[in-house]
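Hi everyone, thanks for coming. Let's take a look at this one together, starting with the overall picture and then stopping at a few places.

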Amino acid sequence: MRSQGQVRFIRISSRLQLSAVCLVAGLGVVWTGAMGTMAFARLSATSEQAALLDREAKVTTAESRVAQYREGIDSVASDLARRQQFIEQMVEAHIGDLPNDRQQGETVSDSSGEAAQTVRKVSMALPEAGKLARIEADQLAFVERLTRYADRRSQMAMASIRRLGLNPNAMIMGNARAEGGPFLRLATGSDGSLDSRFKRLGASLARMDALENGLESIPQVSPAHVAYVSSSYGYRADPFTGGAAFHAGLDFPGPMGSPIYAAAKGRVSFVGQKQGYGNCIEIDHGNGLMTRYAHLSRFGARVGQEVDAGTAIAAMGSTGRSTGSHLHFEVRINDRPVNPRPFLEAARRVQQQA
């Protein structure tokens with residue numbers, strides 16, 4: 001420190017310096033704590049306010065609904081009618097137009113006449129309940145239209161399965177899988193009963209689901225992108241001996257390393273070598289249906305892998321009993337070979353419609 005032209009030095013002990021540092025650090029901690037406390041308090045207040053607003057919204061919704069019921073049944077019926085209309089619009093927007101007409105051979109009930117009579121009787125006996133009776137009639141009509149939709153989709157799936165030479169009923173029976181879980185009763189009545197029309201809808205939807213799932217598991221995608229088949233299913237002259245032989249599949253010739261695709265969705269059940277087939281992959285499609293891909297140069301799938309139709313699973317080669325690069329493709333039902341050609345024809349129809 002300078003004083004009267006002279007420089008004087010003030011000595012501060014290390015203890016004093018340490019005390020000053022501690023004081024500054026303490027003040028910093030106190031300030032930080034104060035800021036953190038304020039921020040936490042502000043956050044807590046915001047969270048509590050949000051929770052309070054949420055509770056108030058729920059209470060308001062419940063109270064307003066009770067008020068609507070007290071004011072009269074007409075307003076409630078109007079709300080229910082608008083909800084029913086919303087449901088029907090969403091279903092038709094995402095599924096398509098539901099059928100209104102009845103076709104020959106269909107077994108779906110038609111409650112339109114009975115429902116109209118019920119609406120008239122209820123409206124005469126209890127005028128305030130007339131709108132609710134109309135909503136019930138609309139609901140039953142919607143259920144019956146949805147049932148017709150499910151039945152018609154089932155019929156289309158059955159026709160496609162028959163064109164492939166398979167039995168759709170056997171496919172439904174074979175669609176059973178390991179199932180379980182707690183029992184949760186479905187009911188439409190307060191006494192636990194289930195309206196027969198709703199029960200019919202559930203059965204139709206379950207049948208549609210089983211048939212369409214089975215159809216997806218049927219080979220309908222060409223396993224190789226090639227121009228022609230070099231050897232067909234059935235009788236042929238053996239390429240090595242020249243003698244009569246039975247060919248259990250189709251041969252697709254192509255360049256070495258060309259991609260090989262799964263013909264349908266399923267689970268890879270075998271990856272390895274088989275006598276005569278060389279490198280081979282098998283895919284289990286359920287319901288006793290299996291596809292086999294042979295003479296491969298490279299594997300691209302593993303046992304247990306779930307694959308979709310069109311998934312690349314291997315590369316074309318000439319391993320095993322083979323005279324050149326090609327794919328040997330088989331379709332087998334309960335381990336018996338069937339002609340794959342109808343499946344390839346179905347694949348071409350699918351590609352033309354896409």
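So, the protein chain has seven helices and 14 strands; these are DSSP runs numbered from the N terminus, with helices being H or I over at least four residues and strands being E over at least two. Before we go on, this is a predicted model, where local features need pLDDT of at least 70 and side-chain atom pairs count only at pLDDT 80 or more, while totals for chains, interfaces and linings use all residues. Residues are numbered from 1 along each chain as its sequence is written, and side-chain values use heavy atoms, with hydrogens and water left out.

Of the 354 residues in the protein chain, 31% count as buried, meaning under 20% relative accessible area with a 1.4 Å probe, protein chains only. Now for contacts, which means heavy atoms within 4.5 Å. Among those between residues at least 6 apart in sequence, 66% join residues at least 24 apart.

Let's turn to a pair of helices. Helix α4, residues 130–163, packs with α6 at an angle of about 25°, their axes 8 Å apart; the axes are lines fitted to C-alpha atoms over the stretch in contact, and angles run from 0 to 180 degrees between N-to-C directions. That makes α4 roughly parallel to α6, a label for angles under 35 degrees.

Next, follow the chain from α6 (196–216) towards β3 (234–237), and in the loop between them you will find serine 231. Is serine 231 buried or exposed? Serine 231 is buried, because its relative accessible area is 11%. Its side chain makes a polar contact with the side chain of histidine 247, at 3.4 Å. A polar contact here is a pair of N or O atoms within 3.5 Å; within protein, one must be able to donate a hydrogen and the other to accept it, and residues adjacent in sequence count only if both atoms are side-chain atoms.

Aspartate 238 sits in the loop between β3 and β4 (244–247), and at 10% relative accessibility aspartate 238 is buried. Beyond its neighbours within four places in sequence, aspartate 238 touches Gly243, Ala245 and Arg321.

My last stop is serine 325, in the loop between β12 (312–316) and β13 (326–333). What does its side chain reach at 3.3 Å? That is the backbone nitrogen of methionine 256. A polar atom of the serine 325 side chain also lies 2.8 Å from the backbone oxygen of glycine 254.

Methods:
Buried means under 20% relative accessible area, exposed over 50%, partly exposed in between (1.4 Å probe, protein chains only). Angles under 35 degrees count as roughly parallel, over 145 as roughly antiparallel, 65 to 115 as roughly perpendicular and the rest as oblique.
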